[in-house]
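Visitor: Hi, could you walk me through this one? I'm new to it, so please take it slowly.

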Amino acid sequence: MLHHLRVLPLLVQMHIRSQMEYRGAFWLDRLAQILSYGSVFASIAILLARFETLGGWNFPELALLFSFQLLAYSLGAALSFVQLRDLEELVRLGTYDTLLVKPFSPWAYLVFSGLNIGYVGHVILAVALMAWATMAVDFNWSIWSALFFVAALISSTLLTAAIITMIGATALIWVRSNHLFAIFFGFWELTRYPLNIFPSGIQFILITAVPLALTSSVPVGALLGKPIPILGDWAGPVSLIAGPLWVLLAIAHWRYATGKYQGAGG
Amino acid sequence: MSAYTAFARSSFQSQLAYRNEVWANIFGKLVQVFARVAIWLAVYAGVGAATLVNGISLQQMITYALLGGAVMGATRPERVINEIGRSLKTGDISVWLLKPLSYPLYLFANESGSFLYRLLTQVFPTVAFTALFYGMLPPESLFHGAMFVAFWAMSFILLFLMSAFCGLIAFWLMTSFSLDWMFGALLNLFSGLMVPFWFFPEPLATLARHLPFGFVVYYPNAVYLGQLSVTQTWLYLGLGLFWTALFFVGVLWLWRKASTRITVQGG
Amino acid sequence: MTALIEARGVSKRFRQHKRFPGLLGAFKTLVTTEYTEVVAVSDIGFDIAAGEAVGYLGPNGAGKSTMIKMMTGILVPSTGTLSVLGRTPHLERMTNAREIGVVFGQRSQLWWDLPLIDSFTLHQRIYDIPLARYQDNLKRFSTLLDLTPFLDRAVRQLSLGQRMRAEIVMSLLHDPKILFLDEPTIGLDVVAKDAVRKFLAEINRERGVTIILTTHDLQDIETICPRLIMVDHARLIFDGELKSLRAALGSSRRLTLEFATDPGPLPLSSATLTADEGLRKHYLLEREDVSLVSVLSEVGNDRGLKDVALHEPDIEEVIRTFYQRRNAAALAS
């Protein structure tokens, strides 16, 4: 384990150096992504300018929700998305095997050799919006609420990374996994809106099977004192536990998927 | 001509080849359609579900939301942009210059196949299913219904042409990655998918109406809902065709420039 | 004494989702739950002792890569037992990994955009190689395979031959006991192939590194591996010395006689005429005890014999003959 920890910084550093070989495009790409997410936020702003509330949430509250979700996603995805999405290709080409013959965790190598700094654009936008929203929202911040906010953010990051990792790991079982990411992102877009506007079937899914609501509207809603469907008063604690819990699930799933890949089942 | 039909057909078939993928895509689309409708239900609930906002009722907005996904849901502009970008970057595109085929036409045939596939297997079933739950209004009149189909077809072609244009520009300007995201940003705001123009605050509304992106979602839907008079419908059809022609010329021109440059420089 | 690698009755089966052809079939594939089973390796057993160099040969799809994957711990055998360095590879993957080196012919382990030396440094850290030992090995192998001028160059700027040499060097930096190579010379030019083969042969002889090599290229086997395991359709069909394979299949040598003037038809008692091109005549010497001298004395020195060429059967012919005889035997039974 310790041996792994010493190698990880080198992996990350090597990956960043590889990326910087293409420095020119890097910042332009970041700007493009900021504009894209910004345009979604602008659409919400336009809608709220006409209708004033959405599901009982006003514009500053929705801004807080949007920025929280974007930040948690960016940090979680940096640790998982591109790496696990490309796993499908690595498996297809047989390159994944080269990771299995090293005395090193294939997951750690995969994730840290591809730690995606491309999310820095998302982070910049999210932090900027969050800074405005935390002040514009009609809420009395305290030490406890601030701590909850940070803890929920960390849990959401872990949860996002865990879900993405589990989806990507199916490439070890099915060979093609990217369609599952299509489902993931479909649901992910939903969770930038308050949970209560959706039919109860979708609400249930967004808390359990694809618990992305726990990375956005549930913790933020709990913080702001909004009524949370299904979870009610448990919304806060559930949001905090969900991250670590799903990480454990992801670890178990990874072990299972690796077993399948190796044909341990025969 | 049959070569292009073959491309369209094989594009259709290869999408079907991975069964898990097909079911997952259908499910994903279904969720998105439900979600869009849910958002309109929520905002109208805030002002009173029976209220007309800017003269538009909730029922009309639900229909708008159901239709809106139809074109956007069946196309993926990023595929076209990135595919062009990829083959320009790797030099694969020079292979096309050797074939007795037109690359842009091949792309179009390919996209048409994918479009039809997505339309039939994903969009129609999901919209029909959701319509069962929430109810969908019929077109305002026979004329509007027929024109809707025309606008819709034009929307697909225009979106393809704009994507191809972006993909080709990437050859000279930026990375196809950044162009794809920026194009996406413009579509998000100005296609009318999320919010129709009649809800836009003023300077933005006029701007949106003059840009080509509105023809991708807003104008077809506005026609369907009878928000444009007969005269206006014809007018905007003409305008849409103008944009289409403009991008068509643009794509051909860029393609000629790109192929010349590749054959001269070797890519 | 237990062998370094021991395989007993090893088999590997894969299940694949059934695909139906055609457009209608595509829709049917959407809803079916039927599988087809593919047997990649069937009941294979062998012992490999320390210091051996073994070539693993067979046509595409014969199960070579699958066998290597099982020996390196990537795949788990469906049945049978496999022991490498006294361990079951997939159960003790990381421990096993420290003592083996693996080179995949078509899958690179090098970092594309960075200088070659960086990939080596990473390798040193991952395998925890003591610095002095690492530097010693690096220097020695880089010199032998002529990599030293390229160590600071980005991997993407290296030729395929240079990259393969780099992969081989990298795989040996941690002093593995066994080196597995999966088609290492594929795509290389003649010079590069030669350098790689000589190096591997030397590593095996002088450092006692056990070598397991899968390949299509029979020259690889001839230069590096005295022992040969052949597989076809998932089964083991030959396991033994290359020498004995040659001997068993006979030593049909080809003889070419070149004349100043056409001596006319020239049948010989000790050799069979295979082609008569007038000035040039080709013969086959099928019996091992027939010497060139006796053939030439039969020709005599009054026919205007100008030149003689004697052709030992090369390994390709040997293997081809083996397969031909095997197929003929299969047809006959």
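Guide: Let us begin with confidence in chain A, where the lowest value belongs to helix α10 (residues 171-174), at a mean of 81, and the highest to α3(A), at 96. Please keep in mind that this is a predicted model.

Visitor: And what does chain A average in pLDDT?

Guide: Chain A has an average pLDDT of 90, with 97% of the residues scoring at least 70.

Visitor: How many residues does α3 of chain A have, and how far does it reach?

Guide: Helix α3 of chain A, residues 59-78, has 20 residues, and from its first C-alpha to its last it reaches 28 Å, close to the 28 Å expected at 1.5 Å a residue.

Visitor: How many of the residues of α3(A) are buried?

Guide: Of the 20 residues of α3(A), 18 are buried, so the helix is largely enclosed by the rest of the structure.

Visitor: Let's turn to where chains A and B meet. How many residues does each chain put into the contact?

Guide: Chain A contributes 34 residues to the contact and chain B contributes 34 residues. On the side of chain A that touches chain B, α2 (23-51) and α11 (178-190) of chain A each supply at least two residues, and α2(A) gives the most, with 16 residues.

Visitor: Which kinds of residue make up that side of chain A, nonpolar, polar or charged?

Guide: The side of chain A that touches chain B divides into 22 nonpolar residues, eight polar and four charged.

Visitor: Now chain B. What is its mean pLDDT?

Guide: The mean pLDDT of chain B is 83, and 92% of its residues reach 70 or more. Within chain B, confidence is lowest in helix α1 (residues 2-16), at a mean of 69, and highest in helix α10 (residues 218-224), at 92.

Visitor: I clicked on B:Met162. Where does that one lie?

Guide: B:Met162 lies in helix α7 of chain B, which runs over residues 142-169.

Visitor: Is B:Met162 buried or exposed?

Guide: B:Met162 is buried, since there are 25 other C-beta atoms within 10 Å, and the cut-off for a buried residue is 20 or more. Leaving aside residues up to four places away in sequence, B:Met162 touches B:Pro212 and B:Phe247. B:Met162 and B:Ile81 are 81 residues apart in sequence, and their C-alpha atoms are 9.2 Å apart in space.

Visitor: On to chain C. Which domains is it divided into?

Guide: Chain C is divided into domain 1, covering 5-247, and domain 2, covering 251-312. The C-alpha centres of these two domains of chain C lie 44 Å apart.

Visitor: Which residues of α5 in chain C are buried?

Guide: In α5(C), the buried residues are C:Tyr134, C:Leu138, C:Phe141 and C:Ser142. They cover an arc of only 100° around the axis, which puts them on the same side of α5(C). On the other side of α5(C), C:Ala132, C:Lys139, C:Arg140 and C:Thr143 are exposed.

Visitor: Why would residues spaced along a helix point the same way?

Guide: An α-helix has 3.6 residues a turn, so residues three or four places apart point the same way.

Visitor: And what do the buried residues of α5(C) pack against?

Guide: The buried residues of α5(C) pack against α4 (116-126) and α6 (160-172) of chain C.

Visitor: What comes just after α5(C)?

Guide: Just after α5(C), C:Asp146 takes a positive phi of about 55°, and C:Asp146 is a residue other than glycine. The place of C:Asp146 is in the loop between α5 and α6 of chain C, and with 12 C-beta neighbours inside 10 Å this residue counts as exposed.

Visitor: What about C:Leu85, where does that lie?

Guide: C:Leu85 lies in the loop between β4 (79-84) and α3 (93-99) of chain C. The phi of C:Leu85 is near 55°, again a positive value in a residue other than glycine, and C:Leu85 is partly exposed, with 19 other C-beta atoms within 10 Å.

Visitor: Last one: which residues does C:Lys177 touch?

Guide: Not counting residues up to four places away in sequence, C:Lys177 touches C:Leu85, C:Glu99, C:Ile100, C:Val209 and C:Thr210. C:Lys177 and C:Glu99 are 78 residues apart in sequence, while their C-alpha atoms are 5.6 Å apart in space. C:Lys177 itself is found in the loop between α6 and β6 (178-182) of chain C, and C:Lys177 is partly exposed, with 16 other C-beta atoms within 10 Å.

How values were computed. Residues are numbered from 1 along each chain as its sequence is written. Chains are lettered from A and ligands numbered from 1 in the order in which they are written. This is a predicted model: local features need pLDDT of at least 70, side-chain atom pairs count only at pLDDT 80 or more; totals for chains, interfaces and linings use all residues. Domain bounds come from an automatic or database domain assignment. Two residues are in contact if their C-beta atoms, placed from the backbone, lie within 7 Å. Helices (H or I, at least four residues) and strands (E, at least two) are DSSP runs, numbered from the N terminus. Ala, Val, Leu, Ile, Met, Phe, Trp, Tyr, Cys and Pro count as nonpolar, Asp, Glu, Lys and Arg as charged, and the others, Gly among them, as polar. The arc is that of the directions from the helix axis to the C-beta atoms. The expected span of a helix is 1.5 Å times one less than its number of residues. pLDDT is the predictor's confidence in each residue, from 0 to 100.
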